[in-house]
Amino acid sequence: MTSACHGRLPNVDATTPAVLYLPVSLGRDEVAALCEDVRARLVSGGAEVVVCDASGLGPPALTTVDALARMQLAARRAGGRIRLRDPAPALRALIDLTGLPIALEGQAEQREPALGVEEAVEPGDPAV
């Protein structure tokens, strides 16, 4: 099968970040390779963000958070950062608990009220 490029470069959206699909478990053996992959994607692709798809990860543990922290460090050293896509609620909670500064896709902004929630006002409260 031939491509329809006819000597031209294919259209590539430069704003779409690279996606790295994480394995089921993030052990010490995989961390070095993942860190190198993150670094290579940032350096060669010229991107600022590598999206790490966490939908295939198994139950999170501190080794998972350690691996993500090392990947974030590798990304920072290469001038970028990582962002998690589809992390499980347990992984979100563990990241929040450890304070790891990783952006999560679909995360609501802090101090932003949930949709459909109104503040209650007590009858005796003074007007502001």
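T64 is buried, with a relative accessible area of 7%; buried means under 20%, exposed over 50% and partly exposed in between, using a 1.4 Å probe and protein chains only. T64 sits in helix α2. Setting aside neighbours within four places in sequence, T64 is in contact with L26, L57, P59 and L91, where contact means heavy atoms within 4.5 Å.

This is a predicted model, in which local features need pLDDT of at least 70, side-chain atom pairs count only at pLDDT 80 or more, and totals for chains, interfaces and linings use all residues. Residues are numbered from 1 along each chain as its sequence is written, and side-chain values use heavy atoms, with hydrogens and water left out.

**Overall layout**

- The protein has 3 helices and 4 strands. Helices (H or I, at least four residues) and strands (E, at least two) are DSSP runs, numbered from the N terminus.
- From the N terminus on, the elements run β-α-β-α-β-α-β.
- Buried residues make up 26% of the 128 residues.
- Take the contacts between residues at least 6 apart in sequence: 67% of them join residues at least 24 apart.

**The sheet**

- The 4 strands form an open sheet in the order β1-β2-β3-β4, with parallel pairing. The edge strands are β1 and β4 (103–104), and each pairs on one side only.
- Two strands pair if DSSP finds at least two bridges between them. Strands of a sheet pair through backbone hydrogen bonds, either parallel or antiparallel.
- Strand β1 (residues 18–21) is joined to β2 by 4 bridges. In this pair, Y21 stands opposite D53.
- Between β2 and strand β3 (residues 81–85) there are 5 bridges. Here V50 faces I82 as its opposite residue in β3.
- β3 and β4 are joined by 2 bridges. R83 stands opposite A103 in β4.

**Strand β2**

- Right-handed means that, with the strands pointing away from the viewer, the path from the first strand over the helix to the second runs clockwise.
- β2, helix α2 (residues 62–77) and β3 also make a right-handed β-α-β unit.

**Helices against the sheet**

- Helix α2 lies across β1, β2 and β3, running at about 140° to β3.
- Axes are lines fitted to C-alpha atoms, for helices over the stretch in contact, and angles run from 0 to 180 degrees between N-to-C directions.

**The nonpolar core**

- The largest nonpolar core has 26 residues. Such a core is a set of buried Ala, Val, Leu, Ile, Met, Phe, Trp, Tyr and Cys residues joined through side-chain atoms within 4.5 Å.
- Those with the most contacts inside this core are L20, L22, V38, C52, L68, M71 and L84.
- α1, β2, α2, β3 and α3 each supply at least two residues of the core. Helix α2 gives the most, with 6 residues.
- L22 touches L34, C52, D53, A54, L57, L68, M71 and L84, not counting residues up to four places away in sequence.
- In soluble globular proteins, nonpolar side chains tend to be buried together.

**Cysteines**

- The count of disulfides comes to 0. A disulfide is a pair of cysteine sulfur atoms within 2.5 Å.
- For C35, the nearest cysteine sulfur is that of C52, 9.7 Å away.
- C35 counts as buried at 14% relative accessibility. C52 counts as buried at 0%.

**A residue with positive phi**

- Phi of D86 is near 55°, a positive value in a residue other than glycine. Most residues other than glycine have a negative phi.
- D86 lies in the loop between β3 and α3 (89–98).
- D86 is partly exposed, with a relative accessible area of 47%.
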